[in-house]
Amino acid sequence: MKRRVFLAAALPAALAACGAQSIWATDEELRAARFVSDEPPSITLLTVIGIPRGEGGHSGLMINGSQRVIYDPAGSWEHPRIPERNDVLYGITDNFKNFYIDYHARSTYWVAEDTLFVSREVADAAIRSVEMQGASPKSYCAVNSGKALRRVPGFENAPTGYSPIKLRNWFLTLPNVQSKRHMDGDPANNHDVLLRQKDGRIVGYNM
C-alpha cells in the first residue's frame with residue numbers, strides 16, 4: 001500500500017523534471033521485442049498536459065513504420081519487457097501503448113495523441129532520426145522531439161524550444177492530423193497498472 005502512495009506522489013515530480021538516463025539494450029533484446037503493427041505508417045506526437053492550467057508536462061513521439069517505437073526523451077516510463085536505447089523504446093504493442101498512455105494520464109494530467117499518417121519511408125526516417133538523437137538531459141523532451149522531427153521530410157519546421165505546448169500547437173498546423181484525448185479521473189487504476197509493470201507481468205488492458 002505504501003508503494004502505491006509513493007508511486008502516486010512521485011509521478012508529478014518525474015513529469016515536471018522529465019528525468020532520464022542513458023540506457024543501451026542489446027541487439028538480441030531489440031530483435032526479441034520488435035513489434036510490427038498492421039496499422040498505416042504514422043508519426044504521433046504525445047503531449048502530457050496539466051489539469052487545470054494546461055501547462056505542458058512532457059513530449060514524446062510514437063512512430064509506426066517498419067516497427068513501432070516510442071521516443072520518450074528524458075522520460076520516466078519503463079517496463080522490464082521493453083528494451084530501450086537512449087530514450088527509444090522498442091516493442092510497442094497496443095497493450096504497451098496503453099500502458100504508456102495510462103502511466104501519464106491521471107487526475108492532474110491528460111494526454112493528447114496527435115497522429116499524422118505518412119509513407120513508410122517517412123516513418124522509417126523518423127525512427128532513424130530518434131535513434132540518432134541520443135539520450136536527453138532533463139527538461140529536453142520538447143527540445144529533442146523537435147530536433148528529431150526536423151530531420152524528417154515534411155517536418156523540417158518543427159520548433160525546438162522547451163515548451164511541449166508550443167510543439168503540439170505547431171504539430172496541429174500540419175494537414176490531416178487526427179487527435180485523441182486521453183483522460184483518467186481514477187488514479188487507483190493507474191497505480192494498479194504501474195505495479196503490474198514493475199512486476200514484469202503483462203495484463204490485458206483496454207483504454
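Is tyrosine 162 buried or exposed, and what is its relative accessible area?

A: Tyrosine 162 is exposed, at a relative accessible area of 51%. The cut-offs are under 20% for buried, over 50% for exposed and partly exposed in between, with a 1.4 Å probe and protein chains only. The model is predicted, so local features need pLDDT of at least 70 and side-chain atom pairs pLDDT 80 or more, while totals for chains, interfaces and linings use all residues. Numbering runs from 1 along each chain as its sequence is written, and side-chain values use heavy atoms, without hydrogens or water.

Tyrosine 162 has a ring partner, tyrosine 140. The two ring centres lie 5.2 Å apart and the planes meet at 85°, so this pair is edge-to-face. (Rings of Phe, Tyr and Trp, the last by its six-membered ring, pair with centres within 6.5 Å; planes under 30 degrees apart are stacked, over 60 edge-to-face, the rest tilted.) Tyrosine 140 sits in the loop between α4 (120-133) and α5 (141-150), and tyrosine 162 in the loop between α5 and α6 (164-171), so the pair ties together parts 22 residues apart in sequence. Helices (H or I, at least four residues) and strands (E, at least two) are DSSP runs counted from the N terminus. Tyrosine 140 is partly exposed, with a relative accessible area of 27%.

Now the other rings. Five aromatic pairs turn up across the whole structure. Phe155, Trp170 and Phe171 make up one aromatic cluster.

Follow the chain past α6. Asparagine 176 lies in the loop between α6 and β7. Its phi is near 70°, a positive value in a residue that is not glycine. Asparagine 176 is exposed, at 66% relative accessibility. Asparagine 86 occupies the loop between β4 (84-85) and β5 (88-90). Its phi is positive too, at about 45°, and again the residue is not a glycine. Asparagine 86, however, counts as buried, with 15% relative accessibility.

The loop between β1 and β2 holds another backbone feature. Proline 52 is placed there. The peptide bond from isoleucine 51 to proline 52 is cis, with omega near 5°. Most residues other than glycine have a negative phi, and most peptide bonds are trans.

Threonine 44 belongs to strand β1 and is buried, at a relative accessible area of 1%. Threonine 115 belongs to strand β6. Threonine 115 is buried as well, with a relative accessible area of 10%. Its C-alpha atom is separated by 5.8 Å from that of isoleucine 43, a residue 72 positions away along the chain.

Phenylalanine 99 is in helix α3 (residues 94-104). This phenylalanine counts as buried, at 0% relative accessibility. Its C-alpha atom and that of glutamate 78 are 9.8 Å apart, across 21 residues of chain.

Back to the starting point.
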